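Subject: Structure for your review

Dear colleague,

Please find below the structure I am handing over to you. My notes on what was found in it follow directly after.

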Amino acid sequence: MKRPFSEYPPAGPSSPNTLPDEEDEDEVMLKIERGSDELLSQTGAVSNGSVMSPAPNHADNNNDAKKVKLDTKNPGAPSRVIHIRNIPNEVTEAEIVHLGIPFGKVTNVLVLKGKNQAFLEMSDEVAATTMVNYFTNCTAQLRGRAVYVQFSNHKELKTDQNHSNANPSAQAALQAAQALVNQTDTQGGPNTVLRVIVEHMIYPVTLDVLYQIFSRVGKVLKIVTFTKNNTFQALIQYPDVVTAQAAKMTLDGQNIYNACCTLRIEYSKLSNLNVKYNNDKSRDYTNPNLPTGDPALDSALAIGAPNLNLPNRTGENASATGMPFTGMPLAGVTPTAAALGAAGIRLPGQPSPNCVLLVSNLNEEMVTPDALFTLFGVYGDVLRVKILFNKKDNALVQMSEPHQTQLAISHLDKMKTWGKQIRVTLSKHQTVQLPKEGQPDAGLTKDYTNSPLHRFKKPGSKNYQNIYPPSATLHLSNIPPTVDEEQIKDAFTHAGASVKAFKFFPKDRKMALIQLGSVEEAIAALIKMHNFQLSDSSHLRVSFSKSTI
């Protein structure tokens, strides 16, 4: 005798290694077929053609019960209907459909949100078997939660396609899945090209890294990478709209590495990518014979020269399984040694792992090593600063990591500072030399290696997620409870800034925003006020804000 449905243990992380029990499925479907008040009022069961809302009486429930019918078969045998258990409450029909897309055509979907279960109907048992076998060896995940995939006891999932409350998202997901039919490997079209922006890129992200990640969702045809508005971006083309949609839904907002390199994905207006070269910036995986764009390399390729260190032209080293990816972060906690390269970190467009910046057109009257340490310290940990003795409007700034030099160049080059537009470029020097003992230096060179004021000492520091270009609004933190708004405004006014607005954070009075008269004023104020002593034990922390008051 079966227990009442309510007596079954809830699905969840408490029993992560337990496969869902088919008795649960039978109980769920039996309740639907009988028009159970309990199920209909609690689950809000959704299918492509029916929304099961609470009903006032059994007559209505019996009408609802007609919307979902299952033809049963012998338990334990393969079926084209798949039972998925332990799904998060907020999961959509499209996400359930996308679990099945890499394995074949999806023909129906039913989500029982209140019971954390779903049913997916594939076009045939071969596709369903492939899916179940795959997820037997590799745990499926939805929104970071492990879900359990097995055959249903039912051979078909029937729904009323014409019900007046037809669920639009389920219909859209199934219609998108239909778009796979009659598509070829090289066909372009609307919404087959994704535009990918990588935010907080504190480690390098290469074309091959993107290929490995996006291939886990489906077959990648072409990739083009570029830098726009000082941000690394890529265009990635899939063979069809369904795979592109699955990639967008699965990967948008995910981190490639722990706490950084965040993917922001949207559809491109382009319907096809025109790739001319196969190199580290662009790749056409459907045409491995394209030139690299480097005449010497192409000549060597033409004559079949051996042992050339060529770019990975066809992605043969990437993991292109065509199966959905099920874990985060996408490429591990931190990059592997191979990803960073034997010579150190290299960003797109940055030829060497240099950590030294040349800063020119400085205001000689205002510049000091401490001022440059504070300003450039917003974008990385400054180890040494040297103002050139014979040319005091020039300085060398040594950062701790090469990617920090890229951030500093992106955000500070051509910024007006102390009345002059400074220039920030990579220096030819590999390190900043300290003066020899006894050699006069007039305090122009300083070593900050052991400074307690570094913002990014911890790998993957959260501070990397709050890096913004110079702005007129500054973010203040570490404000003690004894200091009020007027004291802070007075301190900034005394430092030469004109305060336009001020606002404490409503939920955390340790933080505030202060808006000044211009970006140039804010740069000067940050240099003067970062680490400003507000009380005996509190020093103010200042950074640029993305917000305005």
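T374 is found in helix α11, which spans residues 369-376. The model is a predicted one. At 13% relative accessibility T374 counts as buried, because the cut-off for that class is under 20%. Leaving aside neighbours within four places in sequence, T374 is in contact with L526, I527 and H530.

An open sheet of five strands has the order β21-β16-β18-β17-β22, and its pairing is antiparallel. β21 and β22 (445-447) stand at the edges with a single partner strand each, so one side of each is left without a neighbour in the sheet. On average, neighbouring strands of this sheet are turned by 20° against each other, direction ignored. Within the sheet, β17 (residues 382-387) and β18 (residues 395-399) pair in the antiparallel sense over five bridges. R384 stands opposite Q398 in β18. Helix α11 packs on this sheet, where it touches β16 (356-360), β17, β18, β21 and β22. The direction of α11 makes about 140° with that of β17. Helix α12 also packs on the sheet, touching β16, β18 and β21, and its direction makes about 155° with that of β21.

The six-stranded sheet

Another open sheet is formed by six strands in the order β13-β14-β10-β12-β11-β15, again with antiparallel pairing. Here β13 (255-257) and β15 (282-284) stand at the edges; each has a single partner strand, so one side of each is left without a neighbour in the sheet. Strand β11 (residues 222-228) pairs with strand β12 (residues 231-237) in the antiparallel sense over seven bridges. The bridge partner of K222 in β12 is Q237. Helix α7 (residues 207-215) packs on the sheet and touches β10 (193-199), β11, β12, β13, β14 (260-267) and β15. The direction of α7 makes about 130° with that of β11.

Helix α8 (residues 241-251) lies across β10 and β14, running at about 145° to β14. The buried residues of α8 are V242, T243, A244, Q245, A246, A247 and L251. After α8 comes G253, whose phi is positive, near 85°.

Nonpolar cores

In soluble globular proteins, nonpolar side chains tend to be buried together. The largest nonpolar core in this model has 83 residues, of which F214, F376, L474, L476 and F492 touch the most other members. Apart from neighbours within four places in sequence, F492 is in contact with L474, L476, A497, V499, I514, L516, A525, M529 and L540. A second, separate core of 30 residues includes A94, I101, L120 and F151.

Salt bridges

How many salt bridges does the structure hold? There are eleven salt bridges in the structure.

E199 forms a salt bridge with R264, with the closest N and O atoms 3.1 Å apart. E199 lies in strand β10 and R264 in strand β14, so the pair ties together parts that are 65 residues apart in sequence. E199 counts as partly exposed at 29% relative accessibility, and R264 counts as partly exposed at 37%.

The side chains of D413 and R423 also meet in a salt bridge, at 2.8 Å from N to O. This pair links distant parts of the chain, ten residues apart: D413 is in the loop between α12 (402-412) and β19 (416-417), while R423 is in strand β21 (residues 423-426). D413 is partly exposed at 21% relative accessibility, and R423 is partly exposed at 34%.

K489 forms a salt bridge with E485, and the closest N and O atoms of that pair are 3.2 Å apart. Both residues lie in helix α13 (residues 485-494), four residues apart, which is about one turn of the helix. K489 is partly exposed, with a relative accessible area of 21%, and E485 counts as partly exposed at 29% relative accessibility. Elsewhere, salt bridges that share partners join R80, E121 and E156 into one network.

Yours sincerely

Notes. Residues numbered from 1 in each chain as written. Predicted model: local features only at pLDDT ≥ 70, side-chain atom pairs only at ≥ 80, totals over all residues. Heavy atoms only, no water. Core = buried A, V, L, I, M, F, W, Y, C linked by side-chain atoms within 4.5 Å. Buried < 20%, exposed > 50% of the residue type's maximum accessible area, 1.4 Å probe, protein only. Contact = heavy atoms within 4.5 Å. Pairing = 2+ DSSP bridges. Helix = DSSP H or I, 4+ residues; strand = E, 2+ residues; numbered from the N terminus. Axes fitted to C-alpha atoms, helices over the stretch in contact; angles between N-to-C directions. Salt bridge = Lys/Arg side-chain N within 4 Å of Asp/Glu carboxyl O.
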